[in-house]
Amino acid sequence: MKLKGFIFDLDGTLINSLPVVRTSFGRTLLKFSGREYSDKELSSLFGPSEEGIFKKLYPDLWRESLQFYLDEYDRLHVDYAEPFPGIIEALNLLQERKIKLALVSGKGAGSMEISLKHSGLEHFFEKIITGSEHRASKPDHIRQILDLWHFSPEEVAYVGDIAYDVHAAKEVGVLSISALWAETAQIHKVLAADPVCAFENVESFIEWISNTL
């Protein structure tokens, strides 16, 4: 396999931050909407970055609601700061194999900065691209990384934890790898999207890197 680059998602892939995301959103929506959102309602908001979500929900208060969210996110993140066990080893192994690394996430710049601060992962990545205010945009952002690296899609893998990540990888033509090691992973939905590779623990992902690259 002639892979030269790996692009990673962040939440639920490298760090266990989805509980932080959902709790911070829940508290922010309760404060600014005056009611609790169900899990289904909350999930329906995801796609645009946090800036886009709050601009849509609270056009006149989006800055205040975004700042409240980021403050909650920063405070709660302390308990979820460490990358998943084995992730540092996996990233080091990829770098040892001279594989380029990038990060493409749907989260906004503010929460990305907080997550990178707490996790200490920023130095691994040559390029970091955050989400769009307007829509889910991972295919476009994956293509930006390909252009930066001057690699063909067949030379790059995208690693994510949800079905959308598989679809985004397939749309661009990069290798779809599913990270199913988070307790938040919706394994059946992801596998139904038919990724090329799927790993239920980081150890098996590391073994695959060792034996394949």
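**Notebook: sheet, helix pairs and overall form**

I began with the sheet, which is open and has six strands in the order E3-E2-E1-E4-E5-E6 with parallel pairing; two strands pair if DSSP finds at least two bridges between them, and strands (E, at least two residues) and helices (H or I, at least four) are DSSP runs numbered from the N terminus. I noted that this is a predicted model, in which local features need pLDDT of at least 70 and side-chain atom pairs count only at pLDDT 80 or more, while totals for chains, interfaces and linings use all residues. Residues are numbered from 1 along each chain as its sequence is written, and side-chain values use heavy atoms, with hydrogens and water left out.

At the edges of the sheet I found strand E3 (127-129) and strand E6 (197-199), each of which pairs on one side only. Neighbouring strands are turned by 20 degrees against each other on average, direction ignored; axes are lines fitted to C-alpha atoms, for helices over the stretch in contact, and angles run from 0 to 180 degrees between N-to-C directions.

I then looked at strand E4 (residues 156-160) and strand E5 (residues 175-179), which run parallel and are joined by four bridges. Gly160 stands opposite Ser178 in E5. Across E4 and E5 lies helix H8 (residues 163-172), running at about 170 degrees to E5.

Next I looked up helix H4 (residues 62-77) and helix H6 (residues 109-119), which pack at an angle of about 15 degrees with their axes 10 Å apart. That makes H4 roughly parallel to H6, a term for angles under 35 degrees. From H4, Tyr69, Leu70, Tyr73, Asp74 and His77 meet Gly110, Ser111, Ile114, Ser115, Lys117 and His118 in H6, where contact means heavy atoms within 4.5 Å.

I also looked up helix H5 (residues 87-96) and helix H10 (residues 202-212), whose axes come within 9 Å and cross at roughly 10 degrees. H5 is thus also roughly parallel to H10. H5 brings Ile87, Glu89, Ala90, Leu93 and Leu94 to the contact, and H10 brings Val202, Phe205, Ile206, Ile209 and Ser210.

Last, I looked at the whole chain, whose secondary structure comes to ten helices and six strands. Its radius of gyration is 17 Å, close to the 17 Å that the globule rule gives for 213 residues, so the chain is as compact as a globular protein of that length; the radius is taken over C-alpha atoms, and the rule is 2.2 Å times the number of residues to the power 0.38. The C-alpha trace spans about 50 × 35 × 30 Å along its principal axes.

Methods: Angles under 35 degrees count as roughly parallel, over 145 as roughly antiparallel, 65 to 115 as roughly perpendicular and the rest as oblique.
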